[in-house]
Amino acid sequence: MITLDVKDIRKKFGSHEVLKGVSFRIEGPELVGLIGPNGAGKTTLTNVLDGAIKPDGGTIRLNGTRIDPLHPYEIARAGLGRTFQVTRAFRRMTVLENLYVPAMAMDASVNRKAMEEKANEILAFLTIDHLRNEYGRALSGGQQKLLELGRLLMLDPDVYILDEPFAGVHPSLMATIYKWIERVNGEGKAIILISHQMESIFTLCRRLLVLNFGDLIADGPPALVKNDPAVIDAYLGVEEDMSGTGLLTREATHA
Ligand SMILES: Nc1ncnc2c1ncn2[C@@H]1O[C@H](COP(=O)(O)OP(=O)(O)OP(=O)(O)O)[C@@H](O)[C@H]1O
(Lines give C-alpha, C1' and ligand atoms only; values in the text may rest on other atoms or scores of the structure.)
Protein backbone atom coordinates (compact mmCIF):
# COMPACT_ATOMS: atom_id res chain seq x y z
CA MET A 1 0.00 0.00 0.00
CA ILE A 2 1.18 3.54 -0.79
CA THR A 3 2.24 5.44 2.31
CA LEU A 4 3.61 8.95 2.74
CA ASP A 5 4.74 9.65 6.28
CA VAL A 6 5.64 13.27 7.01
CA LYS A 7 7.02 13.87 10.51
CA ASP A 8 7.80 17.15 12.21
CA ILE A 9 8.99 19.02 9.10
CA ARG A 10 10.60 22.34 9.93
CA LYS A 11 11.93 25.05 7.62
CA LYS A 12 13.24 28.54 8.26
CA PHE A 13 14.15 31.21 5.72
CA GLY A 14 16.54 33.39 7.74
CA SER A 15 14.72 33.94 11.03
CA HIS A 16 11.30 33.39 9.43
CA GLU A 17 9.94 30.00 10.49
CA VAL A 18 7.83 28.95 7.51
CA LEU A 19 7.12 25.32 8.51
CA LYS A 20 6.85 24.77 12.27
CA GLY A 21 6.83 20.99 12.64
CA VAL A 22 4.32 19.69 10.09
CA SER A 23 3.25 16.04 10.45
CA PHE A 24 0.69 13.95 8.57
CA ARG A 25 0.40 10.48 7.08
CA ILE A 26 -1.26 9.41 3.86
CA GLU A 27 -2.24 5.78 3.47
CA GLY A 28 -3.44 4.30 0.20
CA PRO A 29 -5.31 6.11 -2.59
CA GLU A 30 -6.31 9.17 -0.62
CA LEU A 31 -7.34 12.43 -2.29
CA VAL A 32 -6.18 15.08 0.13
CA GLY A 33 -6.63 18.83 -0.19
CA LEU A 34 -3.85 21.04 1.16
CA ILE A 35 -5.28 24.47 1.84
CA GLY A 36 -4.42 27.61 3.77
CA PRO A 37 -4.30 31.37 3.28
CA ASN A 38 -1.59 33.01 1.15
CA GLY A 39 1.84 32.57 2.68
CA ALA A 40 0.73 29.66 4.90
CA GLY A 41 3.60 27.47 3.67
CA LYS A 42 1.87 25.19 1.14
CA THR A 43 4.37 25.68 -1.69
CA THR A 44 7.31 25.45 0.71
CA LEU A 45 5.95 22.15 2.04
CA THR A 46 5.54 20.90 -1.54
CA ASN A 47 9.09 21.95 -2.37
CA VAL A 48 10.31 20.07 0.70
CA LEU A 49 8.32 16.98 -0.28
CA ASP A 50 9.75 16.86 -3.82
CA GLY A 51 13.30 17.58 -2.63
CA ALA A 52 13.70 21.04 -4.19
CA ILE A 53 14.20 22.48 -0.69
CA LYS A 54 15.88 20.62 2.15
CA PRO A 55 14.07 20.84 5.50
CA ASP A 56 15.91 21.98 8.64
CA GLY A 57 14.39 19.08 10.56
CA GLY A 58 11.95 16.20 10.35
CA THR A 59 11.65 13.14 8.15
CA ILE A 60 9.68 12.09 5.08
CA ARG A 61 9.14 8.42 4.26
CA LEU A 62 7.60 7.22 1.01
CA ASN A 63 6.45 3.60 1.13
CA GLY A 64 8.62 3.14 4.21
CA THR A 65 11.83 4.55 2.71
CA ARG A 66 13.29 7.87 3.81
CA ILE A 67 13.27 10.30 0.87
CA ASP A 68 14.09 13.63 2.55
CA PRO A 69 17.88 13.21 2.05
CA LEU A 70 17.44 12.42 -1.69
CA HIS A 71 17.81 14.60 -4.78
CA PRO A 72 14.57 15.62 -6.57
CA TYR A 73 15.16 13.16 -9.46
CA GLU A 74 15.70 10.35 -6.95
CA ILE A 75 12.47 11.30 -5.18
CA ALA A 76 10.65 11.27 -8.54
CA ARG A 77 12.06 7.80 -9.22
CA ALA A 78 11.01 6.68 -5.75
CA GLY A 79 7.43 7.60 -6.66
CA LEU A 80 6.57 11.19 -5.78
CA GLY A 81 5.80 13.63 -8.61
CA ARG A 82 4.33 17.10 -8.82
CA THR A 83 3.06 19.84 -11.06
CA PHE A 84 3.95 23.49 -10.55
CA GLN A 85 1.86 26.55 -9.76
CA VAL A 86 3.48 28.20 -12.79
CA THR A 87 3.64 25.55 -15.50
CA ARG A 88 7.02 24.33 -16.67
CA ALA A 89 6.18 22.89 -20.07
CA PHE A 90 9.17 23.00 -22.43
CA ARG A 91 8.34 25.81 -24.81
CA ARG A 92 10.71 24.75 -27.60
CA MET A 93 9.58 21.13 -27.67
CA THR A 94 6.47 19.72 -29.23
CA VAL A 95 3.66 18.48 -27.03
CA LEU A 96 4.64 14.85 -27.72
CA GLU A 97 8.31 15.54 -26.97
CA ASN A 98 7.23 17.18 -23.71
CA LEU A 99 5.61 13.90 -22.73
CA TYR A 100 8.62 11.80 -23.71
CA VAL A 101 11.05 13.72 -21.47
CA PRO A 102 9.85 12.41 -18.08
CA ALA A 103 9.47 8.84 -19.37
CA MET A 104 13.01 8.82 -20.79
CA ALA A 105 14.50 10.60 -17.78
CA MET A 106 13.13 7.90 -15.51
CA ASP A 107 14.13 4.99 -17.74
CA ALA A 108 16.55 5.56 -20.62
CA SER A 109 15.84 2.10 -22.00
CA VAL A 110 12.08 2.67 -22.11
CA ASN A 111 10.31 0.88 -24.98
CA ARG A 112 9.75 3.64 -27.54
CA LYS A 113 6.61 2.18 -29.07
CA ALA A 114 4.98 1.67 -25.68
CA MET A 115 5.98 5.20 -24.70
CA GLU A 116 4.41 6.66 -27.88
CA GLU A 117 1.22 4.69 -27.38
CA LYS A 118 0.96 5.84 -23.79
CA ALA A 119 1.63 9.47 -24.77
CA ASN A 120 -1.05 9.39 -27.47
CA GLU A 121 -3.56 7.79 -25.13
CA ILE A 122 -2.87 10.48 -22.51
CA LEU A 123 -3.23 13.30 -25.04
CA ALA A 124 -6.55 11.89 -26.21
CA PHE A 125 -7.79 11.65 -22.63
CA LEU A 126 -6.73 15.25 -22.00
CA THR A 127 -8.47 16.36 -25.24
CA ILE A 128 -5.27 17.90 -26.62
CA ASP A 129 -4.29 15.15 -29.09
CA HIS A 130 -4.85 17.56 -32.00
CA LEU A 131 -1.97 19.64 -30.55
CA ARG A 132 0.55 16.78 -30.43
CA ASN A 133 2.96 18.40 -32.92
CA GLU A 134 2.57 21.98 -31.69
CA TYR A 135 5.35 23.61 -29.71
CA GLY A 136 4.80 24.07 -25.98
CA ARG A 137 4.90 27.83 -26.42
CA ALA A 138 1.90 27.75 -28.78
CA LEU A 139 -0.41 26.35 -26.11
CA SER A 140 -2.80 28.43 -24.03
CA GLY A 141 -2.25 28.60 -20.26
CA GLY A 142 -5.00 26.03 -19.67
CA GLN A 143 -3.62 23.69 -22.35
CA GLN A 144 -0.17 23.96 -20.74
CA LYS A 145 -1.74 22.91 -17.42
CA LEU A 146 -3.20 19.86 -19.18
CA LEU A 147 0.17 19.10 -20.75
CA GLU A 148 1.80 19.24 -17.35
CA LEU A 149 -0.77 16.78 -15.98
CA GLY A 150 0.03 14.57 -18.97
CA ARG A 151 3.75 14.69 -18.21
CA LEU A 152 3.06 13.62 -14.66
CA LEU A 153 0.92 10.75 -15.93
CA MET A 154 3.87 9.59 -18.07
CA LEU A 155 5.92 9.47 -14.89
CA ASP A 156 3.03 7.77 -13.07
CA PRO A 157 4.25 8.24 -9.49
CA ASP A 158 2.57 6.73 -6.42
CA VAL A 159 1.94 10.17 -4.93
CA TYR A 160 0.83 13.03 -7.19
CA ILE A 161 1.10 16.60 -5.87
CA LEU A 162 -0.91 19.08 -7.92
CA ASP A 163 -0.11 22.73 -7.19
CA GLU A 164 -2.99 24.97 -8.33
CA PRO A 165 -4.05 22.83 -11.32
CA PHE A 166 -7.15 24.98 -11.91
CA ALA A 167 -5.51 28.42 -11.83
CA GLY A 168 -6.02 30.27 -15.09
CA VAL A 169 -7.87 27.34 -16.63
CA HIS A 170 -10.90 28.07 -18.82
CA PRO A 171 -14.09 26.60 -17.29
CA SER A 172 -14.47 24.30 -20.31
CA LEU A 173 -11.21 22.51 -19.39
CA MET A 174 -12.08 22.16 -15.69
CA ALA A 175 -14.18 19.04 -16.30
CA THR A 176 -11.22 17.40 -18.05
CA ILE A 177 -8.96 18.09 -15.08
CA TYR A 178 -11.61 16.79 -12.65
CA LYS A 179 -11.85 13.59 -14.73
CA TRP A 180 -8.05 13.33 -14.82
CA ILE A 181 -7.86 13.57 -11.02
CA GLU A 182 -10.64 11.03 -10.50
CA ARG A 183 -9.04 8.62 -12.97
CA VAL A 184 -5.59 8.80 -11.36
CA ASN A 185 -7.08 8.41 -7.90
CA GLY A 186 -9.32 5.56 -9.12
CA GLU A 187 -6.19 3.78 -10.36
CA GLY A 188 -5.01 3.63 -6.75
CA LYS A 189 -2.71 6.66 -6.60
CA ALA A 190 -2.56 9.14 -3.73
CA ILE A 191 -3.12 12.79 -4.62
CA ILE A 192 -2.36 15.99 -2.71
CA LEU A 193 -4.30 18.84 -4.26
CA ILE A 194 -3.35 22.45 -3.51
CA SER A 195 -5.85 25.03 -4.63
CA HIS A 196 -7.38 28.32 -3.64
CA GLN A 197 -10.52 27.25 -5.51
CA MET A 198 -12.46 26.01 -2.53
CA GLU A 199 -15.38 24.67 -4.50
CA SER A 200 -13.07 22.28 -6.38
CA ILE A 201 -11.31 21.27 -3.16
CA PHE A 202 -14.58 20.57 -1.38
CA THR A 203 -16.00 18.70 -4.37
CA LEU A 204 -13.00 16.44 -4.93
CA CYS A 205 -11.28 15.88 -1.59
CA ARG A 206 -12.29 13.51 1.18
CA ARG A 207 -9.69 14.87 3.60
CA LEU A 208 -8.30 18.35 4.11
CA LEU A 209 -5.02 19.49 5.61
CA VAL A 210 -5.08 23.14 6.64
CA LEU A 211 -1.84 25.08 7.03
CA ASN A 212 -1.69 28.45 8.70
CA PHE A 213 1.57 30.34 9.37
CA GLY A 214 3.51 27.07 9.06
CA ASP A 215 1.33 25.09 11.47
CA LEU A 216 -1.00 22.30 10.44
CA ILE A 217 -4.13 23.54 12.21
CA ALA A 218 -6.60 20.92 10.95
CA ASP A 219 -6.59 17.48 9.36
CA GLY A 220 -9.87 15.73 8.68
CA PRO A 221 -12.96 15.34 6.51
CA PRO A 222 -14.16 18.58 4.83
CA ALA A 223 -17.43 18.56 6.76
CA LEU A 224 -15.55 18.73 10.07
CA VAL A 225 -12.75 21.04 8.94
CA LYS A 226 -15.09 23.71 7.61
CA ASN A 227 -16.63 24.18 11.06
CA ASP A 228 -13.32 24.11 12.94
CA PRO A 229 -12.95 27.44 14.82
CA ALA A 230 -9.18 27.55 14.12
CA VAL A 231 -9.86 27.22 10.38
CA ILE A 232 -12.59 29.84 10.46
CA ASP A 233 -10.18 32.18 12.30
CA ALA A 234 -7.41 31.53 9.76
CA TYR A 235 -9.66 32.42 6.87
CA LEU A 236 -11.29 35.41 8.55
CA GLY A 237 -10.89 38.39 6.28
CA VAL A 238 -9.21 36.33 3.56
CA GLU A 239 -10.62 36.84 0.11
CA GLU A 240 -10.99 33.25 -1.01
CA ASP A 241 -13.91 32.22 -3.16
CA MET A 242 -15.85 30.21 -0.59
CA SER A 243 -18.99 29.84 -2.70
CA GLY A 244 -20.30 26.32 -2.81
CA THR A 245 -18.18 25.15 0.11
CA GLY A 246 -20.31 25.92 3.12
CA LEU A 247 -17.09 27.12 4.82
CA LEU A 248 -18.47 29.49 7.39
CA THR A 249 -17.12 32.86 8.31
CA ARG A 250 -17.18 33.82 11.96
CA GLU A 251 -19.98 36.32 11.29
CA ALA A 252 -22.04 33.54 9.79
CA THR A 253 -21.42 31.24 12.76
CA HIS A 254 -22.35 34.02 15.17
CA ALA A 255 -25.41 35.11 13.20
N1 LIG B 1 12.89 31.32 -0.79
C2 LIG B 1 12.30 32.01 0.19
N3 LIG B 1 12.99 32.90 0.94
C4 LIG B 1 12.40 33.58 1.93
N5 LIG B 1 11.11 33.47 2.27
C6 LIG B 1 10.35 32.61 1.55
C7 LIG B 1 10.90 31.84 0.48
N8 LIG B 1 9.92 31.06 -0.05
C9 LIG B 1 8.80 31.36 0.66
N10 LIG B 1 9.07 32.27 1.62
C11 LIG B 1 8.11 32.79 2.61
O12 LIG B 1 7.54 31.67 3.24
C13 LIG B 1 6.16 31.90 3.52
C14 LIG B 1 5.35 30.76 2.94
O15 LIG B 1 5.36 30.86 1.52
P16 LIG B 1 4.68 29.77 0.59
O17 LIG B 1 4.91 30.21 -0.82
O18 LIG B 1 5.16 28.43 0.98
O19 LIG B 1 3.16 29.92 0.99
P20 LIG B 1 1.87 29.39 0.23
O21 LIG B 1 0.97 28.86 1.28
O22 LIG B 1 2.24 28.48 -0.86
O23 LIG B 1 1.28 30.74 -0.36
P24 LIG B 1 0.39 30.99 -1.68
O25 LIG B 1 -0.96 30.42 -1.40
O26 LIG B 1 0.37 32.48 -1.76
O27 LIG B 1 1.08 30.34 -2.85
C28 LIG B 1 5.83 33.26 2.96
O29 LIG B 1 5.87 34.19 4.00
C30 LIG B 1 6.95 33.52 1.97
O31 LIG B 1 7.22 34.88 1.86
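Tutor: Here is a close look at helix H5 and its partner helix H3. This is a predicted model, where local features need pLDDT of at least 70, side-chain atom pairs count only at pLDDT 80 or more, and totals for chains, interfaces and linings use all residues. Residues are numbered from 1 along each chain as its sequence is written.

Start with the length. H5 covers residues 141-155, which makes 15 residues. Helices here are DSSP runs (H or I, at least four residues), numbered from the N terminus. The expected span is 1.5 Å times one less than the number of residues. For H5 that gives 21 Å, and its end C-alpha atoms are 21 Å apart, so the two agree.

Next, burial. A residue is buried if 20 or more other C-beta atoms, placed from the backbone, lie within 10 Å of its own. In H5, 13 of the 15 residues are buried, so the helix is largely enclosed by the rest of the structure. After H5 comes Asp156. The phi of Asp156 is positive, near 50 degrees.

Now the partner. Two packed helices are described by the angle between their axes and the distance between the axes. H3 spans residues 95-106. The axes of H3 and H5 come within 8 Å and cross at roughly 30 degrees. Axes are lines fitted to C-alpha atoms, for helices over the stretch in contact, and angles run from 0 to 180 degrees between N-to-C directions. H3 and H5 are therefore roughly parallel to each other (angles under 35 degrees count as such). The crossing of H3 past H5 is right-handed (the near helix is turned clockwise from the far one by less than a right angle).

Definitions and conventions: Helices (H or I, at least four residues) and strands (E, at least two) are DSSP runs, numbered from the N terminus. A residue is buried if 20 or more other C-beta atoms lie within 10 Å of its own, exposed if 12 or fewer, and partly exposed in between; C-beta atoms are placed from the backbone. Angles under 35 degrees count as roughly parallel, over 145 as roughly antiparallel, 65 to 115 as roughly perpendicular and the rest as oblique.
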